[in-house]
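Here's a quick briefing to read alongside the model. Keep the 3D view open and follow along.

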Amino acid sequence: MPIRFRFLLLLGCAATAFAAPPPAPKLAVVISVDQLRGDYLQRFGPYFGEGGFRRLTAGGLVFEDCHYAHALTQTAPGHATILTGAYPMTHGVIANDWLDRGLWEQVNNVEDRTAPLVGLTPADATAALVAAKAGRSPRVLRADTVGDQLKMRYGAKAKVFAASNKDRSAILLGGRLADAAYWDENGVMVTSRYYREQAPAWVAAFNAERRVHASFGKVWERLLAPAVYDAVQGPDDAPGEWAESGFTRTFPKKVTGGRDAVGPAFFSAFDNSPFSTEFLGEFVQRAIVEEKLGRNGATDLLCVSFSQVDSVGHNYGPDSHEVMDSMLRLDRVLAAIFDRLDREVGLANCVIVLTADHGVAPLPERVNAGRADGPGGRFKVAELDAAGRKALDAAFGAPEAPEYWFTRDNNGFHLRLPVLAAKKLNRAEVATVLRNAVATLPYVALAYTRDQIEAASPDGPSVLAAVRRSYFPERDRDVVMVYQPYFQTRANTGTSHGTPYVYDTHVPQVWFGAGVPAGVRKDRVGVEDIAPTLSALLGLSAPAQAQGLRRF
Ligand SMILES: [Zn+2]
């Protein structure tokens with residue numbers, strides 16, 4: 001071979017080796033469905049249409065065994081993990097609410113009095129709403145998100161938006177550099193001054209349509225014949241269901257809140273109805289068009305979190321007609337959003353991720369109905385306080401009124417340090433007495449002191465490691481409990497999540513679109529793997545504190 005030709009061949013090889021990577025997707029869409037448990041897509045799959053969930057699962061990559069690795073599986077920690085790729089021990093969002101140890105007051109995870117709500121008309125900004133929601137921002141979040149990575153890479157050219165029915169879900173997905181997070185307050189899609197001074201004209205116009213208010217009196221009936229729901233879920237009326245917001249335990253449900261006019265009870269009923277999912281879907285479609293998502297010259301990110309499945313899951317349980325119908329209606333809303341994306345951006349230019357913030361426990365009554373050993377139950381958290389107080393009084397003498405030993409916070413206790421100082425008591429010793437007292441209660445599976453948790457390794461499958469991954473020392477408690485499986489702190493009805501058990505940790509992880517190989521993966525993965533994997537698909541470094549792994 002002539003020398004010259006060999007040289008050209010070498011050049012050709014070099015050019016191939018350093019060829020530019022495929023262009024990054026124009027738009028990433030991250031969808032979280034609040035309380036979408038890991039088994040729901042299979043359970044309700046036969047009743048979905050072609051364009052919604054099935055479009056993702058049939059044409060994309062499904063991770064069947066995806067879990068949260070942290071113990072306190074609540075909405076805020078889950079949403080914070082999805083796009084930071086970090087555990088609560090790192091991102092700092094340990095729960096939905098926690099006791100601020102400096103103020104000795106419960107604070108909300110996205111509370112920020114320096115960032116008042118934006119977008120409410122004077123009529124919408126009721127005194128109760130303003131008092132309850134003084135301000136909102138992601139300031140508690142101690143880790144960057146994929147959206148933050150996009151902003152650092154492309155600046156203003158990359159648009160990052162988040163929308164949800166709930167404040168925390170939008171704010172924590174969006175991250176610290178998002179252009180805006182929007183959520184529903186009393187039928188108005190609001191944001192906060194953290195992001196901008198005024199709502200954009202298109203958001204104001206959307207709100208002026210008063211879509212929520214116009215839903216007063218609408219009736220929620222099942223989409224399919226009742227027998228279909230009976231076959232999949234059992235009877236519509238079941239022991240342990242909780243009918244609130246003017247609803248009964250059975251269909252149909254009239255969305256009025258049990259009142260004659262629009263007001264707080266109606267808004268609560270609306271949030272419990274699938275019409276809130278449809279409302280958010282309309283807002284998201286509007287955002288895609290008005291913000292020209294995927295058409296701004298770099299890669300944009302749209303985060304969406306649907307909250308209504310969580311509301312009905314808490315009230316009626318995962319085996320209810322309400323949850324099934326909410327899923328079927330969400331499926332149609334997703335289909336409309338995907339059609340919109342296809343028209344505006346082209347689905348081939350998008351990458352879509354679907355996941356959830358946590359699962360949910362079955363109603364204890366439902367668990368026990370099928371089993372002679374009756375493992376489920378309900379208990380009153382006041383019993384925890386009484387047992388702890390009694391043990392501490394016996395060991396160290398009761399504190400002088402009006403002082404008290406501790407404040408309970410979620411599934412744990414903060415010790416009152418001034419009381420310990422006055423009695424010259426050692427914090428670790430007092431925590432151990434409190435731990436030992438609650439650990440003997442029949443519905444407490446495990447209890448740990450601060451010292452035990454801080455000394456524990458965050459690696460591995462043990463419950464203590466999961467508790468460690470949930471633990472952020474400066475915001476966290478002196479004693480943390482894990483309840484027995486299938487036990488609820490809700491007194492008579494309803495269910496919840498927040499444990500390290502599989503029904504709470506198992507969630508879907510489905511990928512679709514540009515750069516995604518279709519298929520089904522059965523290996524166990526984590527929600528913390530989403531951020532590093534998505535970053536790689538977008539040609540970005542993973543967020544700095546990401547602890548998950550790139551999965552393809
Ligand atoms: Zn949630």
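Before we get to the sheet, one rule: two strands pair if DSSP finds at least two bridges between them. Strands (E, at least two residues) and helices (H or I, at least four) are DSSP runs, numbered from the N terminus. This is a predicted model, where local features need pLDDT of at least 70 and side-chain atom pairs count only at pLDDT 80 or more, while totals for chains, interfaces and linings use all residues. Residues are numbered from 1 along each chain as its sequence is written, and side-chain values use heavy atoms, with hydrogens and water left out.

**The sheet**

- An open sheet is built from 10 strands, in the order β5-β8-β7-β6-β11-β1-β12-β19-β2-β20, with mixed pairing.
- β5 and β20 sit at the edges with a single partner strand each, so one side of each has no neighbour in the sheet.
- β1 and strand β11 (residues 300–306) run parallel and are joined by 7 bridges. Look for Ala28, whose bridge partner in β11 is Leu301.

- How many residues of β8 (residues 188–192) are buried? The count is 5 of 5, so the strand is mostly covered; buried means under 20% relative accessible area, exposed over 50%, and partly exposed in between (1.4 Å probe, protein chains only).
- Val188, Val190 and Ser192 point one way from β8, while Met189 and Thr191 point the other way.
- β8 pairs in the antiparallel sense with strand β5 (residues 117–118) over 2 bridges, and Leu117 stands opposite Ser192.
- β8 also pairs in the antiparallel sense with strand β7 (residues 180–185), over 3 bridges; here Trp183 stands opposite Val190.
- The hairpin of β7 and β8 has 2 residues between the strands, and Asn186 takes a positive phi near 50 degrees there.
- Zoom in on Thr191, which lies in β8 and counts as buried because its relative accessibility is 1%. Its side chain reaches the backbone oxygen of Ala181 at 2.8 Å.
- Not counting residues up to four places away in sequence, Thr191 touches Pro116, Leu117, Val118, Ala180, Ala181, Tyr182, Trp183 and Arg196; contact means heavy atoms within 4.5 Å.

**The nonpolar cores**

- In soluble globular proteins, nonpolar side chains tend to be buried together.
- A nonpolar core is a set of buried Ala, Val, Leu, Ile, Met, Phe, Trp, Tyr and Cys residues joined through side-chain atoms within 4.5 Å.
- The largest one has 115 residues, and Met327, Leu341, Trp511 and Leu534 have the most contacts inside it. Helix α14 (residues 321–344) gives the largest share of this core, 10 residues.
- Apart from it lies another core of 22 residues, including Leu384, Trp405, Leu415 and Val479.
- Trp511 is found in strand β19 (residues 506–513), and it is buried, with a relative accessible area of 0%.
- The C-alpha atoms of Trp511 and Thr57 are separated by 7.9 Å, though these residues are 454 apart along the chain.

**Helix α22**

- In helix α22 (residues 530–537), 7 of the 8 residues are buried, so the helix is largely enclosed by the rest of the structure.
- Its buried residues pack against β1 (27–33), α4, α7 (146–154), β12, β19 and β20 (519–526).
- After α22 comes Gly539, which has a positive phi, near 75 degrees.

How values were computed:
A polar contact is a pair of N or O atoms within 3.5 Å; within protein, one must be able to donate a hydrogen and the other to accept it, and residues adjacent in sequence count only if both atoms are side-chain atoms.
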